[in-house]
Amino acid sequence: MNIEKITVRRAELDLITPFTTSFSTQSNRDFLIVEATSGAKTGFGECGAFAYPYYSEEYTSGCELVLIEQLIPLLIGAEITHPREIRDILAPIKRNNMAKAAVEGAIWDLWAKTQGISLAKAIGGTKRSVEVGLSVGIKESENQLVDFVSEAVDEGFARIKVKIKPGADLSFLRAVRAEHPDVPLMADANNAYTLADTDHLRHLDELNLTMIEQPLAHDDIVDHRHLQQALRTPICLDESIHSLADTRKAIELGSCRIINIKIGRVGGINEAKDIEALCRDEGLDVWCGGMLESGIGRAHNLAIASLPGFTLPGDTAPSARYWKRDVIIPEVTMNRGSVDVPQGLGIGFDIDVAELEAITTSEHSVEVDGR
Ligand code: OSB
Ligand code: MG
């Protein structure tokens, strides 16, 4: 399979509900779609980066540049027999994981389409449907949060994740727990705490949470070990894990009991698969995180979540939770807390070309003959 053309498309979508984390409030997405073409077939990938580098060092404009100037030149015209080769081709470029994952994802989709199989099958997925949780942003009051969560519980989500930060944590979680004593509940701090908060965070143990996600610094694994030793609540690492090597070190140290795998954060499906396999061997639970993706990134997330090691519900909520109109047809829907893993070719959804064109703000294509 020869990679004849790669397009980087920048697009904007408005979120139905503004999403507040400990680091920002987002009301729209300014993101990249990468398209890779060979012959008559095109594969689609999405870059998880946000417009500002608040979650990690990557951000949309930076990813756009690194794709155009560094990554695409290594891939254009390349003869690829299997997408597992892409990681080595891109290895000279350090990090830039979300940019790498976007183009790797496009080529995985393209390859699956040339093989006549689904992306999930190409990856080695085994599940036909995956359990889904909802990630709920920080609300202004405990009451607002409880109302929002109650709606989500009624809709059937398999677990609820509540964003927290100092000043919007224990009382908010207690209010949700009082109303929903049995719902699988977790919290995500997006690195809003330090070890000095250990006594405060110990109160999480009273709430029967399935986990606390990334309580400490985005680049830490050592302090998380100390905190995990002080808590009964399992720690899940998100921001801290960028690779298989990071995963091995976190497991060796005992820094967490659960890993959130985001394809973008770890640099692509190849790395995500290796992390899943290691965690399965080591008995750690894994689940699929989200970056408020459009349907294209969501389809990739559903494919990876179909691997057997993804034992917990993922942040792969239905399209209607995020967008008035998604860029895929049909949109992602949920049935009793689960989403079907698409079985069609590649990502298994058609692209809503009219909608994708309508939300495009810029576009850059590179072709094999240098045009
Ligand atoms: O930490 O998982 C996170 C959204 C933006 C930035 C970071 C995170 C999140 C989410 C949303 O939790 C997950 C989703 O619904 O896509
Ligand atoms: Mg997180």
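About 190 Å³ of space lies in the second largest cavity of this predicted model, a cavity being a set of points, on a 1 Å grid over the protein atoms alone, where a 1.4 Å probe fits but cannot get out. Its volume is the space filled by probe spheres set on those points. The lining (residues with an atom within 4 Å of a point) runs to 21 residues, with Glu 46, Ile 263, Gly 264, Glu 293 and Asn 301 nearest the centre.

The largest cavity holds about 350 Å³. Of its 28 lining residues, Phe 19, Ser 135, Lys 163, Leu 292 and Tyr 322 sit closest to the centre. Strand 1 gives the most to that lining, with 4 residues.

As for the metal, the magnesium ion (ligand 2) has Asp 188, Glu 213 and Asp 238 as protein donors, 2.1 to 2.3 Å away; donors are N, O and S atoms within 2.8 Å of the metal (3.2 Å for Na, K and Ca), with water not among the atoms. Both Glu 213 and Asp 238 are buried, that is, under 20% relative accessible area with a 1.4 Å probe, protein chains only.

Residues are numbered from 1 along each chain, and ligands from 1 in the order written. Local features need pLDDT of at least 70, side-chain atom pairs count only at pLDDT 80 or more, and totals for linings use all residues, while side-chain values use heavy atoms.

Conventions:
Buried means under 20% relative accessible area, exposed over 50%, partly exposed in between (1.4 Å probe, protein chains only). On a 1 Å grid over the protein atoms alone, a cavity is a set of points where a 1.4 Å probe fits but cannot get out, and a pocket is an open set with protein on both sides within 12 Å along at least five of seven lines; lining residues have an atom within 4 Å of a point. Helices (H or I, at least four residues) and strands (E, at least two) are DSSP runs, numbered from the N terminus.
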